[in-house]
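Hi,

Here is the structure I said I would pass on. Have a look at it first, and then read my notes below.

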Amino acid sequence: MDRENWIIAYICQYSRFFVLSIILGTLTILLGTGLMFTSGYLISKAATRPESILMVYVPIVGVRTFGIGRAVFSYVEKLSGHSLVLKILSQMRIRLYKVAEPQAFLHRSRFRTGEMLGLLASDIEHLLDFYLKTFLPSVVSIFVYAGLIIWMGWFSIPFAIIGAMMIGLLLFVGPLFSLLYMKARNERLKRLKNGLYDKLTDTVMGISDWIFSGKYFLFTEEYQKQEQESYKLERQKLAFTNGRDVLNQFVLGGMVILTVAWAGKLTAEGRIAPVLIAALGLSLLTVLESFLPIAGGVSELPAYQDSLRRLEAIEREKPPEKEVGTEKPSAQQQSISIEMERLSFGYSPGEQLLNEITLSINQGEKVAILGRSGSGKSTLLHLILGSLSPSSGEVKISGLHPCRIESIANWVGVLNQKPYLFNTTVINNIRLGKPDATIEEVQEVGRMVDLDEIIANLPNGYETLMEETGQRFSGGERQRIALARILLQDTPIVILDEPTVGLDPLTEKRLLATMLKTLSGKTILWVTHHLAGVEKMDKVLFLERGTITMQGSHHNLLETEERYRRLYKLDRPFS
Amino acid sequence: MDKALFKVKGIRAVLAKLAALTVIQASMIMTQAFYLAAAISSLFGGDSFHRTARELAIFFLALTIRQGAAVWKKHIAFHFAAYASETLHAALLEKLFRLGPRFVKKEGSGQTVTLVIEGITKYRHYLELSLVKLLNMALIPMAIMIFILSLNARSAVILTLALPLLVIFMILLGLAAKTKADRQYESYHLLSNHFVDSLRGLETLKYLGLAKSHVNKIAYVSEQYRKATLASLKIAFLSSFALDFFTMLSIATVAVFLGLDLINGDMYLHPALTILILAPEFFVPIRELGSDYHATLDGRNAGKKIMELLERETFQELDTLVPVWDSSTNFTIKGLSVQYDDYATALEDIELNVTGAKTIGIIGASGAGKSTLIDVLSGFLKQESGNIQINQQRVETLAAKSWQRQLSYIPQHPYIFHDTVLNNIRFYHPDAQANEVYEAARYAGLLDVIESLPEGLATMIGDGGRHLSGGQEQRIALARSFLGKRSIIMLDEPTAHLDIETELELKEKMLDFFKGKLVFLATHRLHWMRDMDEIIVLEHGRIVESGDHEQLLANKSVYYQLVKAQEGEV
């Protein structure tokens with residue numbers, strides 16, 4: 001993938017709009033210059049005391065036209081620039097989404113988590129600043145510069161050369177030096193700042209331990225020392241920009257003197273009218289001032305590179321296109337089975353996350369899966385969902401490989417620990433399970449998960465925005481909304497991936513009861529961390545390092561396994 | 001402008017210095033314009049370039065001094081802002097440690113860190129920029145105005161009239177933009193966050209089988225967003241249009257009237273040209289005021305938030321010497337109450353009396369006040385009233401360092417610092433020897449884990465380091481406590497989130513660890529209760545029952561109900 005692709009591709013795609021913005025930008029500067037030129041001309045001309053006011057009528061009109069024109073063009077220029085950039089934003093978002101989408105299940109991808117993706121979303125917005133604050137103004141300046149030099153050369157080649165060199169200091173040398181000087185410092189500053197961030201976050205998260213240790217003054221001292229260092233860098237940066245600004249002003253002043261001198265000389269030679277001296281001096285001042293902000297914009301370049309790098313990284317990690325499954329299980333919705341035959345999985349031959357699991361689950365069976373973290377529970381689930389492919393052995397849903405099934409979401413539903421509730425209305429969130437569900441259907445599932453009363457009490461009922469309700473919905477209620485979604489999705493198999501972690505025992509119990517009641521008849525694979533509710537399961541199985549170490553019905557295990565009895569005692573200590 | 005600005009220490013001296021420099025700057029702006037005009041008009045009059053050398057030299061010198069003054073002003077403002085923010089930083093950190101974990105939990109650790117780092121940076125930039133801008137605005141236009149008045153009254157009047165007109169239009173348009181923005185806020189907010197929201201919920205979309213088709217929705221919403229944004233920008237940019245329009249129009253008007261005066265012979269070229277050069281300078285400060293508008297607003301808000309935080313009440317940490325706890329120490333609490341606030345469930349009339357080693361279970365429904373009680377005992381929360389005594393000696397507050405140094409705290413999710421396993425275990429005792437740490441790790445059952453790590457005890461863990469499971473984190477906390485050898489242990493729901501096998505193993509370790517110590521353990525998990533010497537049952541912030549498991553069960557009251565509810569079938 002081309003390195004600059006995130007930038008260049010859009011310039012090519014929208015080249016016409018870019019040209020338009022550049023023309024508008026150039027015109028804005030030219031009109032401002034024209035205003036000062038005609039003003040200077042006007043009063044000089046007037047100073048020659050012409051016979052009648054009609055003699056200066058044209059410059060008078062010119063002054064007003066340029067004055068108003070500049071304001072109008074500057075307004076239109078800003079709008080067209082932003083409109084362009086917003087078009088690019090849409091394109092970039094679609095592109096980022098398409099890259100991120102296949103990685104959602106890719107366990108090894110760094111871009112799986114919402115936080116990381118949120119960061120990329122702001123990277124895109126940051127890149128837009130590149131167009132607005134660096135790219136467009138620079139190109140406009142270069143055009144104005146070129147025009148100016150050609151125009152000077154029209155009168156005098158040596159003057160044009162001197163002018164090209166001096167203004168070149170403003171436009172090329174200054175920005176280049178800024179870039180070089182700022183780059184290293186900005187990077188160090190950023191490192192320091194990130195360091196401070198990490199350090200402070202670490203401390204704030206572990207604040208109780210710091211308080212108990214009674215030595216937090218140590219942290220404050222250390223922290224301030226690092227801060228001093230970043231101040232030092234900022235002071236250096238300030239000194240540099242100050243120096244650059246002063247030098248720029250010298251160039252500006254020098255250029256004005258030079259122009260006035262040159263115009264004086266031309267007048268003396270009789271090549272131009274004396275009334276043009278003021279016009280040239282004043283208008284040059286205006287043009288040159290428009291070049292001053294370029295250096296600041298250019299020294300921001302490394303910051304854009306960071307954003308660019310992250311966006312490119314996610315494109316590199318994009319997994320190869322998987323073939324889209326096309327098959328459909330031929331069995332009836334009501335009799336979907338899951339068969340695993342010596343199913344193994346590992347990212348590399350050395351690490352076996354699942355080891356020869358053989359298991360068969362019939363439609364309507366309820367299976368609880370227990371195991372420590374890292375025992376292979378979630379690997380097993382992802383194999384069933386087809387987002388991972390077995391290293392050996394196989395898993396089949398009614399005889400088909402999950403990754404070959406047309407839309408696995410029609411067959412397997414998932415309720416996980418933290419189902420995401422989107423920032424839209426309650427009804428839209430529930431409807432995600434079945435986009436064409438009628439309001440009656442939504443209300444029906446709302447009733448089934450015992451949310452009807454709570455939702456009825458919201459300010460706008462089902463139409464209430466999630467954000468407003470975010471505070472109001474407790475952990476258990478959020479799970480119920482997600483459950484309603486699953487009910488609408490109406491799949492023969494439902495995976496419950498620790499949906500009750502973090503809930504207090506009574507809430508957990510009620511939620512379990514609701515889940516079991518509403519999901520009856522469906523195959524349930526329930527990953528759980530303890531044994532509350534396992535009595536209701538047909539089968540309980542324990543995974544350890546990728547193999548099944550205990551399995552059987554609850555009563556069976558209670559009778560035969562001493563270990564199981566001890567574990568069960570933790571959940572039901574007094575019965 | 002912001003009144004709070006004038007409360008910052010040392011600001012008067014800084015303002016005086018800046019004002020003096022601004023006056024110099026303003027006079028140089030005028031000198032510069034005056035001599036440039038002089039040079040041009042003398043050339044215009046037919047003088048040779050050499051005769052204008054003096055004027056041009058003065059022009060250049062004035063330019064230099066003007067820039068020098070501007071740079072010096074920036075320098076002063078930078079140092080003042082840096083000094084002010086450094087002072088704030090120290091105060092803010094100190095405050096944070098006083099406010100403690102409850103505050104952090106409520107505000108969110110991310111928010112807190114952002115406020116300390118970004119908030120202060122923003123406030124600093126605000127100070128730095130606004131001081132200079134404030135003085136420029138106050139002094140430069142006025143100085144130029146007076147000067148122009150001395151040259152040509154009409155021009156001065158035109159510019160003076162333009163200024164308030166311009167300000168009024170900017171305010172009107174700003175208000176119009178704001179009303180429009182407010183009206184559309186909700187839908188606008190939804191549109192602008194839709195993309196991030198989609199990315200965050202990508203996994204869920206995927207589970208629902210909607211991920212692929214969702215791209216159409218993103219395209220649609222982005223287009224809506226573009227339209228909505230452009231519509232509001234059209235109005236928002238009008239205020240800078242007004243600024244431009246009036247600036248340009250008044251310069252043009254000044255130029256035209258100057259031309260008329262010149263034709264009539266009421267005026268010479270030199271003053272007219274001076275006015276023309278000065279006219280744009282007249283508007284520069286107000287343009288600067290308008291730029292960085294958002295940065296200024298952000299900085300001001302950040303400053304407000306920081307001040308609010310600093311003014312927040314914290315209880316004074318008194319260095320009362322709390323006696324060192326031993327097996328005969330008596331710890332009594334009488335009539336302790338905690339008022340309800342944002343952070344805590346209220347507690348009322350808490351009574352407690354323990355002597356020596358004892359394990360005390362704290363139980364109750366969600367929101368009954370278990371965590372609040374643990375936090376009061378840990379000194380994170382101030383009691384409203386009540387009497388705390390240790391060995392009959394009254395203790396004002398448990399926030400005393402000498403009390404907290406005797407405590408060890410194991411929450412549900414113990415924090416793992418971004419550091420090595422070694423340093424994490426010896427956090428309370430940074431000078432502990434490696435063999436002592438090893439012993440603690442062995443005790444907590446961490447040896448297997450440590451052996452599996454690439455660099456053993458020296459492996460980095462915590463955020464960005466090697467990931468540990470919940471059980472392993474809890475073992476680190478246990479090892480930390482073991483090494484700390486502190487005699488009072490506070491636990492807040494230490495095992496509820498662990499898988500049951502790990503929970504069983506850790507429970508056995510912990511029960512052994514509790515021996516000879518004073519232990520307070522708040523939990524929902526009933527299995528701990530049989531191992532507690534005493535159980536405190538909380539309901540709505542009050543102790544409704546206490547005793548050991550058998551007694552409480554025999555009471556057939558709140559505890560009995562709680563057990564029954566949890567033990568019942570699903």
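This is a predicted model: local features need pLDDT of at least 70, side-chain atom pairs count only at pLDDT 80 or more; totals for chains, interfaces and linings use all residues.

I'd start at a hairpin in chain A, the one made by strand 8 and strand 9 of chain A. Two residues lie between the strands, and A:R545 takes a positive phi near 45° there. The two strands, strand 8 (residues 539-544) and strand 9 (residues 547-552), run antiparallel and are joined by five bridges.

Strand 8 of chain A has another partner to look at: strand 3 (residues 366-371) of chain A. Here the strands run parallel, again with five bridges between them. On this side, A:V367 stands opposite A:K539 in strand 8 of chain A.

So is strand 8 of chain A mostly covered or mostly open? Mostly covered: five of its six residues are buried.

Now over to chain B, and a pair of helices. Helix 1 (residues 11-44) of chain B packs against helix 2 (residues 53-107) of chain B at an angle of about 160°, and their axes are 8 Å apart. Angles over 145 degrees count as roughly antiparallel, so that is how helix 1 of chain B sits relative to helix 2 of chain B. The crossing of helix 1 of chain B with helix 2 of chain B is left-handed. Which residue classes make up their contact? There are 22 nonpolar residues, along with four polar and four charged ones.

Cheers

Methods:
Residues are numbered from 1 along each chain as its sequence is written. Chains are lettered from A and ligands numbered from 1 in the order in which they are written. Side-chain values use heavy atoms; hydrogens and water are left out. Buried means under 20% relative accessible area, exposed over 50%, partly exposed in between (1.4 Å probe, protein chains only). Helices (H or I, at least four residues) and strands (E, at least two) are DSSP runs, numbered from the N terminus. Two strands pair if DSSP finds at least two bridges between them. Axes are lines fitted to C-alpha atoms, for helices over the stretch in contact, and angles run from 0 to 180 degrees between N-to-C directions. Angles under 35 degrees count as roughly parallel, over 145 as roughly antiparallel, 65 to 115 as roughly perpendicular and the rest as oblique. A crossing is left-handed if the near helix is turned anticlockwise from the far one by less than a right angle, and right-handed if clockwise. Ala, Val, Leu, Ile, Met, Phe, Trp, Tyr, Cys and Pro count as nonpolar, Asp, Glu, Lys and Arg as charged, and the others, Gly among them, as polar.
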